[in-house]
Amino acid sequence: MAIIYVAYNGKWENNAYVDHKLKVLMVLMDKTCLALKMQIAKFQEVEETETSSSSSSVWESLKREKENMEIITKGTSIEDLKENLIFESKEDLKEVLSMIASKQKFQYRVPKSDKKRFMARCIDEKYEWYLSVRVYKNTTMYKVCTYKNVHTCSLEFSNPDHRQVSSHLISKYIQNKLGDPKVEYKTNQVISDVKKVLGVTVNYQKAWRAMQNARDEVLGPASDSYGLLPSYCHVLKKNNPGSVTKIMKDSENRYVSCSLFKIFGLYLYNLLLLSCKLKKYIYFNFFFRFKFLFVAYGVSIEGWKHCRPVIVVDGTFLKEKHGGILFVACAKDGNNGIFPLAFGVGESENNEAWEWFFTSLKEAIGGHEELCIVSDRHLSIANAIKIVYPKAHHGICMHHLKENLIKRYMVVGLHDLFFKAARAYRHSEFEKYMSEMSSLNPKIKDYLLEIGPGRWARCLYPRRRYNIQTSNIAESINSAVKEAREHPILKLLDELRKTFQNLFLERSKLAASIFYPVTTWAHKEMRDKLEKANCMEQDFVCANNMIIASYFELIL
């Protein structure tokens, strides 16, 4: 039995590898494959000896000529090319040449490009502009041998759609504008910036690809972020005691992420073992499979014990190239402020995703006898609540219901009547406004009764919702990370961490400065109500006024 991780495809002949460029990352073998292990080690030793002897002589020669050489490295900006100029790689040469061509408003074609040379000519064969570059000695660097810098191109070849202004080149110009996740930089802004800087008009697709390339350069490839999630969650829990993080893998429980095996792994693994004539071998698939993520900070779990038993949930889509949905759960604290409870990431808003999110939330913060959950009318949310929180009351956001009602029945005055019915404190007032809506269209009343008035009308709530009739607080969190939703998942999680960390820091400072027995919001509410009550004339004693008055006599 053998498990061999290889990174280069060699040729197997007569029980030995004849390609000395074989790179073995890890070899786990039993005694039956000991000979194979020794043979691979032998070829690796030969390769290292030959490479070191040949490269040392080359670099000694380069060291002697270093004073007379001008080497262009990655990111270096020059105005124009010249003969005897040396580039570290062909990619650096192409990048510099494309920038010069775009700034000087000419285009070129590449008649020859291989491992040893690179040639470029003017797009029109009648004109003299010409560039010839060759490999410098035995290195991977390229030296400019011939350069005829003569531009006589007609306006026909200086058109606005410049072929050398690629998405890769544009990404170099816009990288400095993508570092801050709070600054939204859109594709249309890329088009206008390229027009100003290079004088070239690019189409939307090229500008979008440039944005993706720039994000990969600045923030790292989006795919790699998923492979770093386990490490990020481990560090998060270590530095934030009491925090809960969960990662849901695919049905086959595959977890390892390695970009090498996406290219070589599976094919070379089978090829190597079959060439060794091993009858029994294990087949591996090393692709990372991410499904769901759940995060609840320790301070949120502890703070939930002092919040109102109403949870508001919402989901919003992610804008990075892999897509997905950001799930958010929050509540209101004693100071009537938004209190984040947990968040998660999933593939889409389906029954499985919401059920897994609610299950993870229940395991993290527990349940409550008087729990109420407020959301929009997404069917998957309702199905998940019935399974995970069967005793909780599921309320509907009245703003979402209002939007659906107006789209279905476009009647003048419906907007105001619906809000009056939803906010009514007395059942008689509710019936009055429902009758007025029915007079506009009889189907409106039937539609609202079918949904269930107890889910959206204040006077018919079976439990206390503490005046939380919308899902606006969850949508406010989504708006706070609007720009970060375009970034890789690791950057999104870190932006959420910073947002919540700053929020909790401000709240802790505010709490430390309060000397009342209640929060500042509750103190202000009672003071305002007492002032209004003192301006009223009444012939009976109000118990609430006596309680509020006693409170202010106590603290004053």
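View 1. The charged end of R458 lies over the ring of Y425, at 4.3 Å from the ring centre. In the predicted model, R485 likewise places its charged end over a ring, that of F317, at 5.3 Å from the centre. A charge is said to sit over a ring if NZ of Lys or CZ of Arg is within 6 Å of the ring centre and within 35 degrees of the ring normal. This is a predicted model, in which local features need pLDDT of at least 70 and side-chain atom pairs count only at pLDDT 80 or more, while totals for chains, interfaces and linings use all residues. Residues are numbered from 1 along each chain as its sequence is written, and side-chain values use heavy atoms, with hydrogens and water left out.

**View 2. A cluster of aromatic rings.** F294, F327, W354, F357, F358 and Y389 are linked into a cluster by ring pairs. Rings of Phe, Tyr and Trp (its six-membered ring) pair if their centres lie within 6.5 Å. By this rule, the count is 19 aromatic pairs.

**View 3. N336 in a loop between strands.** N336 belongs to the loop between β14 (325-332) and β15 (338-346); strands are DSSP runs (E, at least two residues). Although N336 is not a glycine, its phi is positive, near 65°. With a relative accessible area of 27%, N336 is partly exposed, a class between buried (under 20%) and exposed (over 50%), with a 1.4 Å probe and protein chains only.

**View 4. Y466 in a loop between helices.** The loop between α15 (442-451) and α16 (472-480) contains Y466; helices are DSSP runs (H or I, at least four residues). Y466, also a residue other than glycine, has a positive phi of about 55°. Its relative accessibility of 29% makes Y466 partly exposed.

How values were computed
Rings of Phe, Tyr and Trp (its six-membered ring) pair if their centres lie within 6.5 Å; planes under 30 degrees apart count as stacked, over 60 as edge-to-face and the rest as tilted.
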